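Colleague: I have a structure to go through with you. Could you show it to me, please?

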Amino acid sequence: MELLSANPGAAVFAGATDLIPQIQAGRPEPTLAVDLKRIPETGRIENSGGFWRVGAAIPAAVLTAHAGLSAAFPGLVEGAGLIGSDQIQGRATLGGNLCNASPAADSVPPLVALGAEAIIVGRGGERSAQVSEVVIGPSATSLDQSEFITEFRIPAPSRGSSDAYERFIPRTEMDIAVVGAAARIRVDGDGRCEEAAVVLAAVAPTVVEVSAASGILEGRVIPHYSGRDAFWDELGEAVVACCNPIDDKRGTAEYRRKVAQVLARRTVVTAARRARETL
Amino acid sequence: MSRTHVTCVLNGDEIDFLCNDYQTLLSALRDELGMIGTKEGCGTGDCGACSVILDGQLVCSCLVFAPEVEGRRVETIEGLAEVDHLHPLQDSFLEGAAFQCGVCTPGFLMAAKALLDRNPSPTETEVRYGVAGNLCRCTGYDKIVRSILDAAARMSDPERQKEAT
């Protein structure tokens with residue numbers, strides 16, 4: 001932190017999968033580059049006291065190979081497992097995926113849906129913030145120059161709770177999400193939804209939570225999508241109301257609104273099925 | 001400009017080299033150590049030509065700062081073959097004509113090695129995902145995928161292993 005405070009041109013990195021291409025593309029070399037991987041807290045995975053603590057500088061390949069984490073948060077692991085190629089996953093991290101502040105970051109919607117907190121250290125000491133509060137716009141975060149994320153604190157899933165993430169890309173691999181959607185669902189002993197969170201990527205300047213989703217889904221037994229149940233239309237409308245997409249080479253705004261509805265339904269169905277399987 | 005002294009284990013041997021702070025591992029391998037088997041394609045992590053294995057993890061060496069490998073293990077294409085015989089992947093690539101111009105080949109071989117290290121008998125789909133981070137402009141990929149599957153079969157069959165040595 002002292003190094004970062006004293007060097008206004010300093011940068012922190014973990015996987016450097018964004019920093020190095022930025023330097024290659026002409027960004028001035030930082031006056032100092034601090035490798036966060038050498039700080040022990042950033043490399044730990046622990047489950048205790050009702051929370052999982054997941055280091056911010058752990059490569060995606062380590063997360064996807066972690067059996068306990070994959071069982072607890074299949075959706076988060078799905079998101080991390082979609083970031084780039086195997087080569088990129090050998091380097092890319094949750095902390096970097098969040099702080100690069102792309103609206104299309106694949107691991108961020110699951111973190112938000114899970115209610116994860118980022119543990120942030122800096123000149124002022126340690127603080128925590130909801131992951132949803134870290135990114136304030138494309139390439140912009142609420143962290144100050146001296147701050148970085150050491151780890152994420154994720155509430156351990158209760159019985160009957162699970163998550164899912166899906167993205168749409170026109171290829172089969174190695175692409176950036178046109179739309180991404182994460183869902184976390186908790187069901188009771190009868191398979192009835194007690195709690196729901198739906199979060200979208202690449203449809204607005206930051207990832208967005210569909211706050212109306214819980215009101216629409218709670219109390220229902222979530223079936224496969226059939227088109228017959230009116231609440232799917234309600235969910236679709238709530239999704240569209242949260243979207244503020246742009247037209248770009250990956251897709252038009254109208255297309256993104258449609259795909260967001262489809263992915264939201266699919267991840268809700270998948271998360272609900274996984275949640276029932278934990279009972 | 002003062003240079004950074006880095007010590008690491010490269011293909012099993014402890015070595016050291018001097019590099020600049022923002023030099024990539026790729027550049028250090030090629031320009032400081034003369035290990036030119038690792039190729040530069042895009043330089044931005046998209047093509048996989050510079051793939052190496054760092055502490056067991058497949059990475060693009062163009063996306064690693066050279067000073068980061070202090071104290072770590074690096075495996076490159078130069079370490080793939082044994083002294084007197086090729087790695088089964090190399091045999092399969094040769095026999096299956098899995099390369100034409102050859103620039104992508106070291107990266108494909110390292111990605112394939114990383115894949116077979118963690119999954120000795122992959123399906124064709126798993127192979128295609130395993131090398132999805134590697135681009136080839138010559139072969140159309142099919143011969144590469146077949147050669148990796150052939151190498152996996154070769155490595156799990158003791159009879160064929162004997163034959164190769």
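Modeller: One term first: helices here are DSSP runs of H or I with at least four residues, numbered from the N terminus. Just after one of these, α1(B), B:Gly34 takes a positive phi of about 70 degrees. Please keep in mind that this is a predicted model.

Colleague: Which residues of helix α1 in chain B are buried?

Modeller: In α1, which covers residues 25-32 of chain B, the buried residues are B:Leu25, B:Leu26, B:Ala28 and B:Leu29. The cover over them includes β2 (13-19) of chain B.

Colleague: And how does β2(B) run with β1(B)?

Modeller: The strands run antiparallel, and 7 bridges join β1 (residues 4-10) to β2(B). As one pairing, B:Cys8 has B:Ile15 in β2(B) as its bridge partner.

Colleague: How many residues lie between the strands of that hairpin?

Modeller: There are 2 residues between β1(B) and β2(B), and in this hairpin B:Asn11 takes a positive phi near 50 degrees.

Colleague: Changing topic: how many residues does the contact take from chain A and from chain B?

Modeller: It takes 19 residues from chain A and 21 residues from chain B. On the side of chain B that touches chain A, the elements giving two or more residues are β4 (57-60), α3 (105-118) and α4 (124-130).

Colleague: Which of them gives the most?

Modeller: β4(B) does, with 4 residues. By class, that side of chain B has 11 nonpolar, 9 polar and 1 charged residues.

Colleague: What confidence does the predictor give?

Modeller: The complex has an ipTM of 0.92 and a pTM of 0.94. Chain B averages a pLDDT of 95, and 96% of its residues score at least 70.

Conventions: Residues are numbered from 1 along each chain as its sequence is written. Chains are lettered from A and ligands numbered from 1 in the order in which they are written. This is a predicted model: local features need pLDDT of at least 70, side-chain atom pairs count only at pLDDT 80 or more; totals for chains, interfaces and linings use all residues. Two residues are in contact if their C-beta atoms, placed from the backbone, lie within 7 Å. Ala, Val, Leu, Ile, Met, Phe, Trp, Tyr, Cys and Pro count as nonpolar, Asp, Glu, Lys and Arg as charged, and the others, Gly among them, as polar. pLDDT is the predictor's confidence in each residue, from 0 to 100. A residue is buried if 20 or more other C-beta atoms lie within 10 Å of its own, exposed if 12 or fewer, and partly exposed in between; C-beta atoms are placed from the backbone. Two strands pair if DSSP finds at least two bridges between them.
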